[in-house]
Amino acid sequence: MSELSVNHLLGIKYLQKADIDLIFETADHFKEVINRPIKKVPSLRDITIANIFFENSTRTKLSFELAQKRLSADVISFSAAQSSVKKGETLIDTVNNILSMKVDMVVMRHANPGAAYFLSQNVKASIINAGDGAHEHPTQGLLDSFSIRERLGEVAGKKVVIVGDILHSRVALSNIYALQMQGAEVKVCGPKTLIPKYIESLGVTVESNLRKALEWCDVANMLRVQNERMDVNYFPSTREYAQQYGVDKALLDSLNKEIVIMHPGPINRGVEITSDVADSQQSVILDQVENGVAIRMAVIYLLASKIKQ
Amino acid sequence: MLTSKEVNIILHRLACQLIENHLDFSNSVLIGIQPRGVSLAARLKTILETEYHIPPIPLGFLDITFFRDDFRRGETLEANKTQIDFLVEDKKVVFIDDVLFTGRSIRAALTAIQSFGRPSEIELLVLIDRRFSRHLPIQPDYRGRQVDVINDEKVKVCWKEKEGEDAVYLI
């Protein structure tokens, strides 16, 4: 297969296994490209992409912009803080105004779950979801699996535990879909208040004891505690969270095997993981960031190849 | 069009012509264009090193998919591996491909190689040169066999490593 089955990347849920394989194979090539002395290819010279971020983002936005520039696409970016959205313009109007400037593709982050899907139904452009509320963050899900594949050879058959704030996390859902599609086993671990009620219906198991979860897994993906999304207190104190669900070097060394530590960033050092864990050989956190550019190049390239002239 | 014996004779002649220009290859590198130029490049390297006792020559493979000028204009193409573990800065580069047709792949390769440095010169070696079908002003420096083929005919080059025999067919 040399083409994606979809015209938009709205969520991992809408992809097939073959799509993920194709994205990974293409990302392998782009990873080689971004390690060349000249890290740029001219494929997307005639494609214009708008990055619309209604929510704050540093790494995702930079990563998308870099991916687009490495592919030679023309890029415009804006954050909602400086836009007419503040003046009361609707989402469809905002995007259609951008599209009338001859934009071919939109990368959007939005606080509302389903915003990217809604947009794909209402405007004529290829849409990439860069995070919609607590729903999905598909490129993060892909780059996490890609990093596991890179470190451990394959994703199939691996045991992955996602630790922390599952309730507010779009990274968790995209990871669960992506990992299961590739044949990995997924467990979630965190305080009961931060585990969604019906999470088992997705086919994942729940473990409230961190040590047990770590002893079971090959990979631990440590999510950030999203204080900004918490309207009430979900755990007594940050200190208590760190004691119960934070990983430090002593805990890691006391396990009978070497597990891979991941984190989607930004890290609250000393909360989810301590500094010595984040900077250890077992951590692939910075590989995740590098792979993010390659994965996003692959997704953009493959979607752009479906935009007919 | 060509039998195994003829292919073998041509490869040896091409190897000798390369030696004529590059002597001991101390400042030269071979680049096989993906996907079909790779077997030819590897074969020539073997002949040069084993039969003509040239010291090991750097060999790289260059994929041109992301540099093509027909992105979104035709069928989707799958990329192949680029493997160039050296810089081509100030080197004499020899592009190697099986069939030269429109010249567009070579145009893409000329752009793609710039990502690896500025070569002092670039030459082109092809096994089959399809005359009269060029879209661009590109000609080979070393050619195995020149053929006149009408546009809807295809030239297929087979290699022992891949297809089980060395031969060239007109389909």
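The model is predicted; local features are considered at a pLDDT of at least 70 and side-chain atom pairs at pLDDT 80 or more, whereas totals for chains, interfaces and linings use all residues. Residues are numbered from 1 along each chain as its sequence is written, and chains are lettered from A and ligands numbered from 1 in the order in which they are written. The predictor assigns the complex an ipTM of 0.82 and a pTM of 0.90.

Chain B contains four helices and seven strands, where helices (H or I, at least four residues) and strands (E, at least two) are DSSP runs numbered from the N terminus. Along the sequence these elements follow the pattern α-β-α-β-β-α-β-β-β-α-β. Among the elements of chain B, strand E1 (residues 28-33) has the highest mean pLDDT (96) and helix H4 (residues 160-163) the lowest (88). The C-alpha atoms of chain B fill a box of roughly 40 × 40 × 30 Å along the principal axes.

In chain A, an open sheet of five strands with parallel pairing has the order E7-E6-E5-E8-E9; two strands pair if DSSP finds at least two bridges between them. Because strand E7 (205-207) and strand E9 (260-262) of chain A each have a single partner strand, one side of each is left without a neighbour in the sheet. Within chain A, strand E5 (residues 159-163) and strand E6 (residues 185-189) pair in the parallel sense over five bridges, and A:Val161 stands opposite A:Lys187 in E6(A).

A:Ser5 is found in the segment before helix H1 (17-33) of chain A. This residue is exposed, with 11 other C-beta atoms within 10 Å; a residue counts as exposed at 12 or fewer such atoms, buried at 20 or more and partly exposed in between, with C-beta atoms placed from the backbone. The C-alpha atoms of A:Ser5 and A:Leu303, 298 residues apart along the chain, are separated by 9.7 Å.

The contact between the chains takes 15 residues from chain A and 17 residues from chain B, two residues being in contact if their C-beta atoms, placed from the backbone, lie within 7 Å.

Technical notes
pLDDT is the predictor's confidence in each residue, from 0 to 100.
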